[in-house]
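Here is a short briefing on one protein chain. Look over the sequence and the 3D view first, then read on.

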Amino acid sequence: QTSAKTQVYNVTKFLEDHPGGDEVLLSSTGKDATDDFEDVGHSESAREMMEQYYVGEIDPTTIPKKTKYTPPKQPHYNQDKTSEFIIKILQFLVPLAILGLAVGIRIYTKSA
């Protein structure tokens, strides 16, 4: 079983000189642009000019399919819950430390 080969062209050097502008060529980068090329109705001289940009042929069935990236599953870690826990501890410890400091100062000043 033989598959159809796709011709590949590198038109990078022709970008500035393309009568339709470089955006037309850039929009067809990395894909089969046959229909785009044929729909415009290029002249015979344009078809001859393409020969100098010919690179080779590629079998489209050998091109790997694009896959969507899915990040690996990681253990769930909730940063907000951790910071909430720390805040609750501090809300308890800070007043306790202030109370302890006040009692300590009171005892120290009475004994002096």
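**Aromatic pairs**

The count of aromatic pairs comes to two. Rings of Phe, Tyr and Trp (its six-membered ring) pair if their centres lie within 6.5 Å; planes under 30 degrees apart count as stacked, over 60 as edge-to-face and the rest as tilted.

This is a predicted model: local features need pLDDT of at least 70, side-chain atom pairs count only at pLDDT 80 or more, and totals for chains, interfaces and linings use all residues. Residues are numbered from 1 along each chain as its sequence is written, and side-chain values use heavy atoms, with hydrogens and water left out.

- The rings of Y9 and Y54 have their centres 5.6 Å apart and their planes at 65°, so this pair is edge-to-face.
- The pair links distant parts of the chain: Y9 sits in strand 1 and Y54 in strand 2 (residues 54-58), 45 residues apart. Helices (H or I, at least four residues) and strands (E, at least two) are DSSP runs, numbered from the N terminus.
- Y9 counts as partly exposed, because its relative accessibility is 30%. Buried means under 20% relative accessible area, exposed over 50%, and partly exposed in between (1.4 Å probe, protein chains only).
- Y54 has a relative accessible area of 37%, so Y54 is partly exposed too.
- The rings of F14 and Y53 also have their centres 5.6 Å apart, but their planes meet at 40°, so this pair is tilted.
- This pair links distant parts of the chain as well: F14 is in the loop between strand 1 and helix 1, and Y53 is in the loop between helix 3 and strand 2, 39 residues apart.
- Are F14 and Y53 buried or exposed? Both are buried.

**Around Y54**

- The C-alpha atoms of Y54 and Y9 are separated by 4.5 Å.
- Setting aside residues up to four places away in sequence, Y54 touches Q7, V8 and Y9. Contact means heavy atoms within 4.5 Å.

**The loop between strand 1 and helix 1**

- L15 is found in this loop. Beyond its neighbours within four places in sequence, L15 is in contact with D22, L25 and L26.
- L15 and L26 are eleven residues apart along the chain, and their C-alpha atoms are separated by 8.2 Å.
- H18 has its place in this loop too. H18 counts as buried, because its relative accessibility is 14%.
- Which residues does H18 contact, leaving aside its neighbours within four places in sequence? They are V24, L25 and H42.
- D22, one of the contacts of L15, has its place in helix 1. D22 is partly exposed, because its relative accessible area is 36%.
- The C-alpha atoms of D22 and V11 are separated by 9.8 Å, and the two residues are eleven apart along the chain.

**The largest pocket**

- Rolling a probe the size of a water molecule over the atoms shows where empty space is left.
- The largest pocket holds about 1200 Å³ of space.
- The search uses a 1 Å grid over the protein atoms alone: a pocket is an open set of points where a 1.4 Å probe fits, with protein on both sides within 12 Å along at least five of seven lines, and lining residues have an atom within 4 Å of a point. Grid points are joined across faces, edges and corners, and a volume is the space filled by probe spheres set on the points.
- Strand 1 (6-9), helix 1 (22-26), helix 2 (34-40) and helix 3 (44-50) each supply at least two residues of the lining. Helix 2 gives the most, with five residues.

**The whole protein**

- The protein has four helices and two strands. From the N terminus on, these elements run β-α-α-α-β-α.
- Of its 112 residues, 8% count as buried.
- Among contacts between residues at least 6 apart in sequence, 74% join residues at least 24 apart.
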